[in-house]
Amino acid sequence: MHPKIEVLLDQAESRYLKSEELDAFKHYAVSLAQSLKTYELLREQEVAIFQPVADQLIKEFPDTNQEILERSLKNWLLILRHCAMAMLLNDRDFLQQNLLDWLKGLVQTHQMIAVETKLYHLLQVRLKGLLSPQALALLQPYLTQAQTALLEGTQS
């Protein structure tokens, strides 16, 4: 549950919520409903999201070892799944603790960084084409967090 809502409910244990507290709770409920729709869309459209990305990645890196391309695609499949869950939980720490700390060590070689960077950009284009602006806005902070943790910290 969203930490602010948890605090709000704890404080209002023995009383009704005030108008502004109720408004915050309503906002949370609407946001959660939008997050659920986005999560379901990502789950249902995973192949439709990643197949064109994979096809384009192969075109962009024809001389790159197939294992590197496959590993990068698997990395971003995991990242997108974890970003979707972090979005549902509204918890950036979930993403960091459950995926990024572990995955960061795998993106070390220059060739891997180039592939991962391109894959991230291809994924962004694909998601912009499939998701509504509202859905993308819910997911984007987590994708940016992943991109920053994995790619910007490893480039020299």
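**A tour around helix α2**

Start by selecting α2 and helix α7 (residues 133–152), which pack at an angle of about 90° with their axes 10 Å apart. They are therefore roughly perpendicular (65 to 115 degrees) to each other. Before moving on, note that this is a predicted model, where local features need pLDDT of at least 70, side-chain atom pairs count only at pLDDT 80 or more, and totals for chains, interfaces and linings use all residues. Residues are numbered from 1 along each chain as its sequence is written, and side-chain values use heavy atoms, leaving out hydrogens and water.

Now show the side chains: Ser31, Gln34, Ser35, Thr38 and Leu42 in α2 meet Ala135, Leu138 and Leu139 in α7 (contact means heavy atoms within 4.5 Å).

Next, select helix α4 (residues 66–89) beside α2 (residues 19–44): the angle is about 165° and the axes are 9 Å apart. α2 and α4 are therefore roughly antiparallel (over 145 degrees). Along this contact, residues of α2 including Leu32, Tyr39 and Leu42 meet residues of α4, among them Leu80, Met85 and Leu88.

Stay in α2 for Phe25 and Tyr28, three residues apart and thus separated by about one helical turn.

Trp76 sits in helix α4 and Tyr120 in helix α6 (residues 110–130), 44 residues apart. Both Trp76 and Tyr120 are buried.

Definitions and conventions
Axes are lines fitted to C-alpha atoms, for helices over the stretch in contact, and angles run from 0 to 180 degrees between N-to-C directions. Helices (H or I, at least four residues) and strands (E, at least two) are DSSP runs, numbered from the N terminus. Angles under 35 degrees count as roughly parallel, over 145 as roughly antiparallel, 65 to 115 as roughly perpendicular and the rest as oblique. Buried means under 20% relative accessible area, exposed over 50%, partly exposed in between (1.4 Å probe, protein chains only).
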